[in-house]
Amino acid sequence: MKVKLRIVYPTGYVERPILAEAILTTGIKMNILEATLDARSGELIASLEAEEPEIERLVGFLRDRGVKVERIVGMLKVDKDRCIDCGACVSICPVQAIEMGEDWSVRFDEDRCVGCGACVRACPMKAVTLV
Amino acid sequence: MGFVRGEESLRTYEEINEKVRRGDAVVMTAEEFASYVEQAGLEKAAKEVDVVTTGTFGAMCSSGAFLNFGHTEPPMKMYRCWLNDVPAYKGLAAVDAYIGATAMSETRGFEYGGGHVIEDLVSGREVELRAEAYGTDCYPRKYLETHITIEDLNQAVLLNPRNAYQRYVAATNSTDRTLYTYMGTLLPHYGNVTFSGSGVLNPLCKDSGFEIIGVGTRIFLGGGVGYVIGEGTQHNPRKGFGTLMVKGDLKRMNPRYLRGASIYRYGTTLYVGVGIPIPLINMRVAKTAALRDEDIWTEIVDYGVPSRNRPAIRKVNYKELKSGRVVVNDETVPCSPLSSIRMAREIAETLKKWLTEGIFFLTRPVELLPTDTVFKPLEVKRREPRVRDVMKVEVVTAKPTDDIRAVAKLLVNRGVDHIPIVDDKGVLVGIVTSWDLAKALALGKDRLMDVMTRRVVTAGLDDSIDSVVSKMSRYNISGLPVVDDRRRVIGLITADDISRRLYRRFLP
């Protein structure tokens, strides 16, 4: 299954190669979608595809080393009553997570979404929010 | 011209309405008709089909509503008024007002505007009304605060000076930064294309000869019934940019088809649903009604050029625009609409339903729209200052190899903050400011070339002061070298120069 993780490095953990260790140990390939980092703390959003027990192992590994890990479910919330399927959000999505269906309704692919917020700003109906 | 515009050689309005009354009018949406013509041929299709329905649902900034509030006790001649903090136009009689779609809330700004007020009214929601007056013998009240719903109003009339553009240009962006425009978010380096209008379903596209849409044409407007009351503002039929002025009873409209919108970093507007029935009164009308997406052309225009004459990149038809991918400068880029094609389709279907159910009848226009008006620009007749009028001509420059201490001395002696760095031919290669020099001295650097900024933001002689000010704020700088077409320094313009100039303008 495909999951997205938010990995938060508290103060003092930033300089340790924890993620690299986790990848080498578990053998799970990860794709970093977003990374914010300063001298005190850091936050990563990573997506990966693996079986459930393997994901559990990865999460456990990371937690044992002191970083906070949480699964991200449904970053994007679309108010279908507000949405008019105009398409203003479609061509600006950096990861092509939004597309026009055959019937001209807008479709959001939660799996692909990286939570950048471009569609939130672009929506004239303010129908999209990030959670 | 060998024909009379609007001639009813195929069928008359009365014949069509008689069939609508009996419930056997043959009605197709523009999409259905276009494919039927492809399959059966124009002759046969035009003979069989009585009416083709169209629809569009997009941001239409030139929209608004006339409202009559009724009189308070004691009465008031409202001089200024606000609906949910959005100012409404009060240059009318005591309790008449016009709320425009792009007026913005004085407390919530871009988030909420006149378009949202109209949507709230149509939805039956309470709207706060605040008004001020100077008080007269006949209208003593000076202040009012209350709330209203659309039910309380005597009249609520949607009257839109410009709706339903025949077609619109598609937008892209050549610059290196993201632009936020009324054409939506435009990514840098031609990163995407946005377009508006429903192409094959677009009302005026289907009557591009202006033979059936005119003053008095009954239409679908905002989910209710409306009328065309004339050509819209900026109506430009010769260039294929016809527009319509429309009105309708807001009280009978449906909030599904009137939606307040805020366009990021642009402002507020109203999405309006418009649908127009196209009676196939002659073969020319049938032919335009049969136009497909691939027959309807527009241009992709570069919104990176902040001018009223934005350059066109290429021609494009609605089939390509609707495919989601468009080729711009040999690269395929994503493309998406801003107006809802799904809703446009729904409007055309609704109008078709009204006609087949016999609850909507066609009207013959009292007068057809002009086909020869032009869209003129506005020339600024008072001369505005340009860079050449404000800049300093005597510029203190230095060479990249100059010693920092010498340059620092120059800066102090001449009382300047910016020193453009030029090569032997006077060509700009960098710039240093007093701050750069202070930093250089603190870090113990010796030569200018080690501390100067190499990517210099510049101005041209005839640039507007507005464009210089926007560069200053965008790049957080206070001075720009003025260069000629070979990048030789011919002047310097600073924030000080501009503020001094402004100050002089306001002196008595």
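Residues are classed by relative accessible area as buried (under 20%), exposed (over 50%) or partly exposed (in between), with a 1.4 Å probe and protein chains only. The model is predicted, and local features need pLDDT of at least 70, side-chain atom pairs count only at pLDDT 80 or more, and totals for chains, interfaces and linings use all residues. Side-chain values use heavy atoms, without hydrogens and water, residues are numbered from 1 along each chain as its sequence is written, and chains are lettered from A in the order in which they are written.

Helix 2 of chain A covers residues 52-64; helices are DSSP runs of H or I of at least four residues, and strands are runs of E of at least two, numbered from the N terminus. Its 13 residues should span 18 Å at 1.5 Å a residue, and the end C-alpha atoms are 18 Å apart, which agrees; the expected span is 1.5 Å times one less than the number of residues. Buried positions in this helix are I55(A), L58(A), V59(A), F61(A) and L62(A). The face turned away from the buried side carries exposed P53(A) and D64(A). Just after helix 2 of chain A, G66(A) has a positive phi of about 95°.
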